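Subject: Structure for your review

Dear colleague,

Please find below the structure that I am handing over to you. My notes on it follow directly after.

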Amino acid sequence: MTATYQFAGITDAQKLGAYYVQDAARLMNRLSYSYYRLMRIGAGQLPARVNWHFKAGVARHLYEDSQARAELADRVAELRAPQAKQQPKAPDPWLEVLFDELLMARSDYELYAGIYEVIRPELKRIVDLYMERTQPLVDYPTVRVLKRVRLDLEEQISWGQSIAPVLQEDAAYFRSRPETGIAADDADSAAPFVAHLRELLAKIGGLDGAAMAEVGDVPDRRRSTAAFEVVKKAVRDPRMGGETLGRTGVANPPEDPVLAPVVKNARTRQEELGAAELCAATLYLQDNMPWSFYADMARHCWDEMRHTLFGQAVLDSAGYDWFSMPQFKGDYDPHMKKPVASAYVWLSIGIEGSAMKKDAMPKESRDLRALADKTGDPFVTFFAQCVDYDWADEVTHHQYGRKWAEDLIGDYHTSEMIAHHEMKLNLIRMAEDTYTYWADKPDSHNKQLHLREWASYHTPEMLAFLAANG
Ligand SMILES: [Fe+2]
Ligand SMILES: [Fe+2]
């Protein structure tokens, strides 16, 4: 044993490690590929998943997976395998089939069990084993990456354990209501799917490929003989208050005219889930882009999910009911009828570009801050902080649009034209559904607030434009 102060605090600096560079590169490449696949599976599945909290966790973790993939691939490239930074290829057909099968999970519970009971614990096992066996001084850069990866895995697995009983309860609920059309699994009905994933892993001795499959043995595809399809309509929990392309506010709006627009805008944040799902669909569906595009999409997806959660957190903190209200899907469903490239430029260049204008987010943020300072109301203060950070995120998102528009569409000018055309259509759709929703509601300050905002898009000319352009 060496003293703690020696070797820069690296303990066991003189021990013999188990891996030469080639071994380390091989193992880290398998981890990197696994994270790449997990990121894509989360993205492809996100719009189809049902449980509100499960969706949120999937979005966070697909971002963390993209980060892990990036750091691991960089490390592999340093280990005399520079090709690792490119689009990953499956290092082993068994791994490819394993993740192809996981992608085909048909319910929240199957996806949960595959990711949080099979894959992540297996990743944790490999990381723990590697950390124990590698030479900590010579292989310090790998250890550094894996420390962070391990921390994320611990949190992810423990979150999985906490949501499992919730998903089991959901399964019981949806089974008793087949009219909802929600595919539901619990631990029993998901067992064959989980067992198949475990069998595939067992054949190669784990994700690290510690054993060779027997000669002539080939991985068994069961569900992944058909192509996976990203849903064209985002799924919302049927226990919520239905679906809409309009703005419906909260069930218990405040009478106070100063507070009412703040609550209305907080609700709009809670409705950004569709934007997160659109980024996820773009990540999954847009082929042949450089790795950094997918990393940006993963971040963009998680940011929009965070904004959604900002809205939830703020509304919940003051007891405003959003869950029983119609859920907004205007950021997803209408755009999935078109190529995702045009949907993504609509979001990043149209919506997020407009949000950068002086009278948009910068003003909203400044006004909220002033109101928070004046009133000291914790609800307003919390929301003012959310919007301030939201604005910072939007700057980054608009930069993604500027960065990728040419690759996606061909040239920036055409992207802008598509973005503005789609934005106009979307605003008219929103106005139409907003007016429809409020039509039979008794007159109130809140109703007028909503209708006033959309009046300029609810004219005969605008509706005719929508009818002609779809
Ligand atoms: Fe956002
Ligand atoms: Fe955004």
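Tyr-294 is buried, as its relative accessible area is 4%. Please bear in mind throughout that the model is a predicted one. Phe-293 is likewise buried, with a relative accessible area of 0%. The ring centres of Phe-293 and Tyr-294 are 5.3 Å apart and their planes stand at 85 degrees; since planes over 60 degrees apart count as edge-to-face, the pair falls into that class.

In total, the structure contains 15 aromatic pairs. In another pair, formed by Tyr-112 and Tyr-116, the ring centres are 6.1 Å apart and the planes lie at 10 degrees, so these two rings are stacked. Both residues belong to helix H4, where they are 4 residues apart, about one turn of the helix. Tyr-112 is buried at a relative accessible area of 3%, and Tyr-116 is buried at 4%. Ring pairs also join Tyr-112 and Tyr-116 with Phe-54, Tyr-109 and Trp-159 in a cluster.

The packing of two helices comes next. Helix H2 (residues 52-78) packs against helix H4 (residues 108-133) at an angle of about 40 degrees, and their axes are 12 Å apart. H2 is therefore oblique to H4. The crossing by which H2 passes H4 is left-handed. On the H2 side, the contact is made by Phe-54, Gly-57, Val-58, His-61 and Asp-65. On the H4 side, Asp-108, Leu-111, Tyr-112, Tyr-116 and Arg-120 take part.

Finally, two residues deserve a note on their backbone. Most residues other than glycine have a negative phi. Arg-80, although not a glycine, has a positive phi of about 60 degrees. Arg-80 is placed in the loop between H2 and helix H3 (93-103), and it counts as exposed because its relative accessibility is 68%, where exposed means over 50%. Asn-288 is not a glycine either, and its phi is positive at about 60 degrees. The loop between helix H8 (273-285) and helix H9 (291-317) holds Asn-288, which is exposed with a relative accessible area of 78%.

Yours sincerely

Technical notes:
Residues are numbered from 1 along each chain as its sequence is written. Chains are lettered from A and ligands numbered from 1 in the order in which they are written. This is a predicted model: local features need pLDDT of at least 70, side-chain atom pairs count only at pLDDT 80 or more; totals for chains, interfaces and linings use all residues. Side-chain values use heavy atoms; hydrogens and water are left out. Axes are lines fitted to C-alpha atoms, for helices over the stretch in contact, and angles run from 0 to 180 degrees between N-to-C directions. Angles under 35 degrees count as roughly parallel, over 145 as roughly antiparallel, 65 to 115 as roughly perpendicular and the rest as oblique. A crossing is left-handed if the near helix is turned anticlockwise from the far one by less than a right angle, and right-handed if clockwise. Contact means heavy atoms within 4.5 Å. Rings of Phe, Tyr and Trp (its six-membered ring) pair if their centres lie within 6.5 Å; planes under 30 degrees apart count as stacked, over 60 as edge-to-face and the rest as tilted. Buried means under 20% relative accessible area, exposed over 50%, partly exposed in between (1.4 Å probe, protein chains only).
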